[in-house]
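Try each task before you read its solution.

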Amino acid sequence: MTDALAFADVSAARGSNQIWSQGTFTIPSGSIVAVIGPNGSGKTTLLEMILGLTSAASGVLRVFGDPPQRGNERIGYVPQNYAAEVGEGIRCRDLVALGRTGTRWGLARRSSDDRARVDAALAAVAAQDVARRRLSRLSGGQQQRVAIAQALVGEPDMLLLDEPLANLDVRNQHEIVELLGQLRAQREVTILVVVHDLNPLLSILTGAIYLLDGHAHYGAIGDVVDSDLLTHLYDAPIKVVRTAQGDLFTRG
Amino acid sequence: MTVHALLADVAYQPDWLDVLRSDFMRNAFLGGSLVAIASGLIGYFVVLRRDAFAAHALAHIGFPGATFAILVGISVTLGLTLFCLVGALAIGALGKRVSNREVSTGTILAFATSLGVLFASLASENTSTITSVLFGNLLAISNGQIRVFACFTLLLVVVLAVVGRPLLFASVDPQVAEARGVAVRGLGILFMLLLGLAVSMAVQVVGTLLLFALVVTPAATALALSARPAIVVALGTAIGLASVWMGLVVSAMFNLPPSFCIVSLASLVWVGTLAVTEVARRRRFGTVVTHGGHGHHHETSRLSV
């Protein structure tokens with residue numbers, strides 16, 4: 001099977017400033033991978049490179065074996081601060097539908113197939129009951145579900161989520177994480193999640209890309225959850241405690 | 001003139017039906033309706049894109065266009081349209097939906113208005129022409145203007161029918177639209193040009209200073225009532241049409257300026273709608289307001305790294 005992502009000595013730059021380099025790793029299809037690193041380390045830039053919105057400063061990046069390309073239908077994307085951007089001008093249902101029909105010219109109405117897929121995407125995130133409401137009127141957790149539904153409606157093979165857990169309370173974080181685990185199990189979709197905190201995701205992660213000291217690394221989750229590495233990554237003493245439920249990080 | 005005499009002027013006009021049947025009223029209804037349709041179509045996108053201030057600025061850019069036309073002796077419609085389209089390109093080129101575009105847009109607005117003042121003083125035209133640019137002169141719409149309005153409105157309908165859906169995507173959700181391959185920036189500039197066309201028409205109906213109430217207010221009213229794109233466009237157009245028609249009737253009945261009547265009606269409908277939807281919302285959600293789940297901080301042994 002083709003790897004979902006293959007990086008070969010990839011580096012990323014913002015303008016003329018290199019933000020990270022020496023990214024060489026492959027991520028198998030069906031992985032759930034966290035993207036972690038301090039603020040400004042280039043996490044969003046990494047997603048933009050996969051989406052074809054920014055090109056790699058050097059090196060070779062392959063997405064399902066192909067060069068990254070804007071408009072890649074195999075990728076569903078949820079940007080950061082999604083709900084604030086969308087505002088209150090549209091119902092959730094119509095917003096989700098745009099994920100499928102928004103690139104089409106002309107006035108043709110949504111087909112019954114379109115509508116069925118919108119229903120299916122809303123059902124997959126358990127957001128059917130808010131479909132007729134405006135995104136801005138929903139709770140943070142519901143907003144994130146609808147955003148994921150929009151990314152899912154094109155039936156992508158990869159989901160890129162930029163800080164989906166930001167501004168959510170512990171319960172809602174847990175629910176979104178559970179949802180991601182289900183999506184991966186049911187749809188065999190590869191998921192990349194930008195997060196600041198690995199803890200809530202530990203139960204589902206298969207690996208992590210960490211942007212550290214200007215380099216991009218990838219490790220299977222067992223290797224990443226390491227006191228020395230995490231201490232270095234966050235520049236704060238961190239201890240890994242293994243429990244029956246999984247690993248827990250604590251401040252050392 | 002005493003206040004009493006002034007009030008006598010605005011009294012009920014028994015011959016208002018005859019006034020409504022006159023040729024200039026026919027043109028006023030036609031021209032006003034075309035502008036209401038154009039505004040209803042474009043207004044939803046203006047509100048979605050948070051471009052209301054740009055619409056307002058474009059109207060002010062039309063002002064020097066009109067006074068320049070008077071100065072050099074070309075048609076006012078032509079001058080208005082040219083300036084609005086060039087202004088639209090300039091604002092569009094400033095970038096997509098940059099939130100701090102306000103300062104640059106405001107500066108262009110002020111500069112344009114000052115140019116208008118300069119051209120007006122050079123043209124030594126009587127002030128009634130200036131007044132009609134600032135406040136609109138629906139009762140003096142010519143057959144030629146109607147033809148231009150019809151072409152512009154048709155163009156707007158056709159272009160929006162083709163680009164409507166990607167434009168909607170790019171308007172509500174520019175980042176995802178960009179990633180999905182929609183030409184967000186190009187659509188933004190195209191949208192500004194369409195807005196320039198609509199504004200150049202609306203200026204001739206309600207004037208530079210009152211344009212907001214015809215281009216933005218009906219769409220905002222519709223958006224308070226519905227969030228289904230097609231319904232919002234239809235409702236916004238209907239509210240605009242009703243404001244124009246009823247405004248003209250009231251203006252004929254009581255000898256009031258049509259701009260005043262149209263804008264007042266559109267504003268009243270807006271205020272009324274906001275009040276009603278707010279009350280309805282409070283009734284529906286009033287009991288669960290305290291249930292919000294935000295701001296809880298649980299002290300746990302976990303470290304948020």
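**Exercise 1: two domains**

The C-alpha centres of domain 1 of chain A and domain 2 of chain A lie 25 Å apart. This is a predicted model, where local features need pLDDT of at least 70, side-chain atom pairs count only at pLDDT 80 or more, and totals for chains, interfaces and linings use all residues. Residues are numbered from 1 along each chain as its sequence is written, and chains are lettered from A in the order in which they are written.

Task: Which residues make up each domain of chain A?

Solution. Take the bounds from the automatic or database domain assignment. Domain 1 is 1-74 + 157-252, and domain 2 is 83-155. Next, count the contact (C-beta atoms, placed from the backbone, within 7 Å). Domain 1 of chain A gives 10 residues and domain 2 of chain A gives 7.

**Exercise 2: a helix**

Task: How many residues of helix α1 (residues 43-51) of chain A are buried?

Solution. Apply the cut-off: a residue is buried if 20 or more other C-beta atoms, placed from the backbone, lie within 10 Å of its own. In α1 of chain A, 8 of 9 residues pass. Among them are Lys43(A), Glu48(A) and Leu51(A). Now step past the end. Gly52(A) follows α1(A), with a positive phi near 80°.

**Exercise 3: two chains**

Task: How many residues of chain A are in contact with chain B?

Solution. Chain A places 36 residues against 32 of chain B. Elements of chain A that each supply at least two residues include α3 (92-101) and β11 (246-251).

Note on methods
Two residues are in contact if their C-beta atoms, placed from the backbone, lie within 7 Å. Helices (H or I, at least four residues) and strands (E, at least two) are DSSP runs, numbered from the N terminus. A residue is buried if 20 or more other C-beta atoms lie within 10 Å of its own, exposed if 12 or fewer, and partly exposed in between; C-beta atoms are placed from the backbone.
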